[in-house]
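This report describes a protein chain for a reader who has the sequence and the coordinates at hand.

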Amino acid sequence: MSLVLLTVVAAMAIGYVVGGRLANMASVSLRGTWLLAVAVAAQGILAAVSGAGGPVTSVGPALLLTSHAALLGFMWRNRWLPGMPLIFIGIVMNIAVIAANGAMPVSREAILAISPDAAFDPGKHRILEDGDRLTFLADLYPVRPIRAVISLGDVLLAVGAAQLVVALMRGGVGRRGRHSRTAAAMGRLAGTAGEAEDEAQA
């Protein structure tokens, strides 16, 4: 998740460079925002349970999948936005490996490559083991600057998030814009039909 946050910050900087403004993002009407609330709540409960040393092994996977499923629903309802397809696919990839193994497997070698004393959240991750499934989707890639191990799904999430932020900051994205373009096209079509009818009558 730190990769996505870092990417969003970088995308905001790029958005400003290309003439975008954060204020433009307020003009976009998002659908299913309650799903985001569910995702955040599930992540918050998971963090609390993990920090308290609670029954992470039984509750953790369910909360993690709930959070991802809620995000997936939100992305689907807003799939018309730039970057959402990539984010959607990235989440599906992460859900698949989590569901197949009960948690996100993390490469021990990748953790050690970051730092000998690096740790991971036991509520969301566990060490990659022989016999794990879909291991190519696991957290395998160490990113030392942010002290994180990421997956292919995380990469797609980050790229999609960057595309979304830049597009929204530049403006002109949203259902209003799509509808206005459709209305304009229909207007031109109606005008052409009217001209043809006038010529026929003449």
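Arg147 is located in the loop that connects S3 with strand S4 (148-150), and although Arg147 is not a glycine, its phi is positive, at about 50°. The model in which this is seen is a predicted one. With a relative accessibility of 53%, Arg147 counts as exposed, because the cut-off for that class is over 50%.

A second residue with a positive phi is Leu134, which is likewise not a glycine and has a value of about 55°. Leu134 is placed in the loop between strand S2 (125-127) and strand S3 (141-143), and at 35% relative accessibility it counts as partly exposed.

**Overall make-up**

The protein contains seven helices and four strands, and, read from the N terminus, these elements follow one another in the order α-α-α-α-β-α-β-β-β-α-α. Of its 202 residues, 37% count as buried. When contacts in the protein between residues at least 6 apart in sequence are considered, 69% of them join residues at least 24 apart.

**Two helices against H6**

Helix H6 (residues 152-170) takes part in a crossing with H4, where the two axes come within 7 Å and the angle is roughly 160°. H4 is therefore roughly antiparallel to H6, since angles over 145 degrees fall in that class. The crossing of H4 past H6 is left-handed. On the H4 side the contact involves, among others, Met84, Leu86, Ile87 and Ile89, while the H6 side includes Leu152, Gly153, Leu156 and Val159.

Helix H1 (residues 2-17) also comes up to H6, with the axes within 8 Å of each other and crossing at roughly 30°. This makes H1 roughly parallel to H6, because the limit for that class is under 35 degrees. Here the crossing is right-handed. Among the H1 residues in this contact are Leu3, Val4, Thr7 and Val8, and the H6 residues they and others in H1 meet include Val155, Ala158, Ala162 and Met169.

Asp154, Leu157 and Ala161 of H6 are listed in the contact with H4, and Asp154, Leu157 and Ala161 are also listed in the contact with H1.

| Helix pair | Axes come within | Crossing angle |
|---|---|---|
| H4 and H6 | 7 Å | roughly 160° |
| H1 and H6 | 8 Å | roughly 30° |

**The aromatic pair and its neighbour**

How many aromatic pairs does the protein have? The count comes to one aromatic pair. Trp76 and Phe88 form it, with 5.8 Å from centre to centre and 50° between the planes, and the pair is tilted. The partners belong to distant parts of the chain, Trp76 being in helix H3 (residues 56-77) and Phe88 in helix H4 (residues 84-101), 12 residues apart.

Note on methods: Residues are numbered from 1 along each chain as its sequence is written. This is a predicted model: local features need pLDDT of at least 70, side-chain atom pairs count only at pLDDT 80 or more; totals for chains, interfaces and linings use all residues. Side-chain values use heavy atoms; hydrogens and water are left out. Rings of Phe, Tyr and Trp (its six-membered ring) pair if their centres lie within 6.5 Å; planes under 30 degrees apart count as stacked, over 60 as edge-to-face and the rest as tilted. Axes are lines fitted to C-alpha atoms, for helices over the stretch in contact, and angles run from 0 to 180 degrees between N-to-C directions. Angles under 35 degrees count as roughly parallel, over 145 as roughly antiparallel, 65 to 115 as roughly perpendicular and the rest as oblique. A crossing is left-handed if the near helix is turned anticlockwise from the far one by less than a right angle, and right-handed if clockwise. Contact means heavy atoms within 4.5 Å. Buried means under 20% relative accessible area, exposed over 50%, partly exposed in between (1.4 Å probe, protein chains only).
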